[in-house]
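Hi,

Here is the structure I promised to pass on. Have a look at it first, and then read on for what turned up when I went through it.

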Amino acid sequence: MHFTAMRLRAPLRTTGFGLVFMASVLFMGALLLGAGQAQAHDFRLGDLVIDHPYATPSLAGTRNGSVYFKSLRNRGHQADRLVAARTAVAERVELHQMHMDGQIMRMREVSAIELPARTEVHLRHGGAGSHHLMLINLKQPLKDGDRFDLELVFEKAGTRQVNVWVQTPRPGHTSHKHPH
Ligand SMILES: [Cu+2]
């Protein structure tokens with residue numbers, strides 16, 4: 001190593017500062033990437049990637065909960081749809097879509113969440129038009145740090161069990177940035 005460094009020193013002299021700077025940026029980038037990966041998880045089923053299923057902690061006095069995803073990616077050439085979900089932590093799971101009713105954000109049940117071919121659908125919390133899964137009648141409140149299993153049923157790809165992380169969303173990471 002020392003020998004290599006000695007040989008490189010002369011030709012790189014003029015750009016030495018730039019290289020050190022670049023290396024620092026790359027190192028910082030690697031650290032940030034590492035941190036991000038440590039806090040994310042994903043599941044695969046055929047051409048589908050179920051990226052980071054998460055739920056928000058229950059608000060006091062509520063019986064229902066919401067499950068979101070960083071995204072659902074369909075990398076295949078064939079469209080698919082999420083048609084159902086179930087979990088042991090709630091009586092049942094509904095597929096919901098947010099919509100604006102005048103000034104009020106409301107949600108309605110939908111029969112499926114469309115996953116067109118070669119498309120990434122964001123299902124993050126917040127934002128008109130966005131989808132989420134609604135956990136109806138939770139058996140107990142969801143607390144930050146909890147994890148639970150959820151079974152997702154896709155029309156074509158079949159069924160996949162995923163693990164949902166309960167976490168307080170970081171500010172600024174909402175689907176407002178990802179209209180679709
Ligand atoms: Cu809902």
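Before the layout, a word on terms: helices (H or I, at least four residues) and strands (E, at least two) are DSSP runs, numbered from the N terminus. With that in hand, the order of elements from the N terminus is α-α-β-β-β-β-β-β-β-β-β-β-β. That makes 2 helices and 11 strands in the protein chain.

Do keep in mind that this is a predicted model. The average pLDDT of the protein chain is 81, and 73% of the residues reach at least 70. Where is the confidence low? Residues 1–15 stay under 50, and the model gives them 1 contact beyond four places in sequence. The pLDDT is also below 50 over residues 17–37, a stretch that has 1 contact beyond near neighbours in sequence. Where pLDDT is low, the predicted coordinates should not be read in detail.

Now the chain as a whole. It has 180 residues, and 23% of them are buried. If you take the contacts between residues at least 6 apart in sequence, 70% of them join residues at least 24 apart.

On to the core. The largest nonpolar core has 26 residues, and Val67, Leu72, Leu150, Leu152 and Val164 have the most contacts inside it. Which strands supply at least two residues each? They are β2, β3, β4 (80–86), β5 (90–101), β7 (113–115), β9, β10 (147–154) and β11 (158–166). As background, nonpolar side chains in soluble globular proteins tend to be buried together.

β9 runs antiparallel to β5, and 7 bridges join the two. In that pairing, Ala90 stands opposite Leu138 in β9. β9 also runs antiparallel to β3, this time with 3 bridges, and there Gly65 sits opposite Leu135 in β9.

Is Lys70 buried or exposed? Lys70 counts as buried because 20 other C-beta atoms lie within 10 Å, and the cut-off for buried is 20 or more. You will find Lys70 in strand β3 (residues 65–74). Apart from residues up to four places away in sequence, Lys70 touches Ala40, Asp51, His52 and Arg124. Pro53 is 17 residues from Lys70 in sequence, and their C-alpha atoms are 6.8 Å apart in space.

One of those contacts of Lys70, His52, belongs to strand β2 (residues 48–55). His52 has a positive phi of about 55° although it is not a glycine. With 19 other C-beta atoms within 10 Å, His52 is partly exposed.

What is the phi of Asn137? It is near 55°, again a positive value in a residue other than glycine.

Cheers

Definitions and conventions. Residues numbered from 1 in each chain as written. Predicted model: local features only at pLDDT ≥ 70, side-chain atom pairs only at ≥ 80, totals over all residues. pLDDT = per-residue confidence, 0-100. Contact = placed C-beta atoms within 7 Å. Buried ≥ 20, exposed ≤ 12 C-beta atoms within 10 Å, placed from the backbone. Core = buried A, V, L, I, M, F, W, Y, C linked by C-beta atoms within 7 Å. Pairing = 2+ DSSP bridges.
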